[in-house]
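User: I would like to go through some of the labels used for this structure and see what each one rests on.

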Amino acid sequence: QVQLVESGGGLVQAGGSLRLSCAASGRTFSVYAVGWFRQAPGKNRESVAVITRSGATTYYPDSVKGRFTISRDNAKNTVYLQMNSLKPEDTAVYYCAAGPFSYSMDYWGKGTLVTVSS
């Protein structure tokens with residue numbers, strides 16, 4: 001079992017930046033791939049970034065590629081999502097998730113709200 005807690009959300013103007021953090025407790029964090037997902041009102045949840053267990057490989061959808069960067073510090077049991085050049089359409093609740101593989105997430109945090117004003 002692993003528990004995940006997101007932080008760093010808030011209100012930012014378009015073009016601004018935020019850094020989200022996902023702190024993990026419980027089982028050794030380094031055994032898990034970790035992803036950031038988001039869900040906007042009335043929309044399906046979507047993946048915005050995934051990082052493998054070692055941190056060597058990352059994945060991004062085209063909608064955030066070049067603007068978002070995922071990273072991890074296994075010594076601190078923390079994963080980060082640096083979000084730059086934010087757009088109003090990035091407004092959503094952002095969730096951190098962990099699992100044995102990048103395509104299989106078993107554990108989820110409660111989310112942090114990001115609001116981007118135009």
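Analyst: Buried means under 20% relative accessible area, exposed means over 50%, and partly exposed lies in between (1.4 Å probe, protein chains only). This is a predicted model, in which local features need pLDDT of at least 70, side-chain atom pairs count only at pLDDT 80 or more, and totals for chains, interfaces and linings use all residues. Residues are numbered from 1 along each chain as its sequence is written, and side-chain values use heavy atoms, with hydrogens and water left out.

User: What makes Tyr103 count as exposed?

Analyst: Its relative accessibility is 69%, and the label requires over 50%.

User: Why is Phe101 called partly exposed?

Analyst: Phe101 has a relative accessible area of 41%, so it falls between the two cut-offs.

User: How do you know that Tyr32 is buried?

Analyst: The value for Tyr32 is 4%, and buried means under 20%.

User: Why is the pair of Tyr32 and Tyr107 called edge-to-face?

Analyst: Rings of Phe, Tyr and Trp (its six-membered ring) pair if their centres lie within 6.5 Å; planes under 30 degrees apart count as stacked, over 60 as edge-to-face and the rest as tilted. Here the centres are 5.7 Å apart and the planes stand at 85°, so the pair is edge-to-face.

User: What makes the pair of Phe101 and Tyr103 stacked?

Analyst: Their centres are 5.4 Å apart, with 5° between the planes, and stacked requires under 30 degrees.
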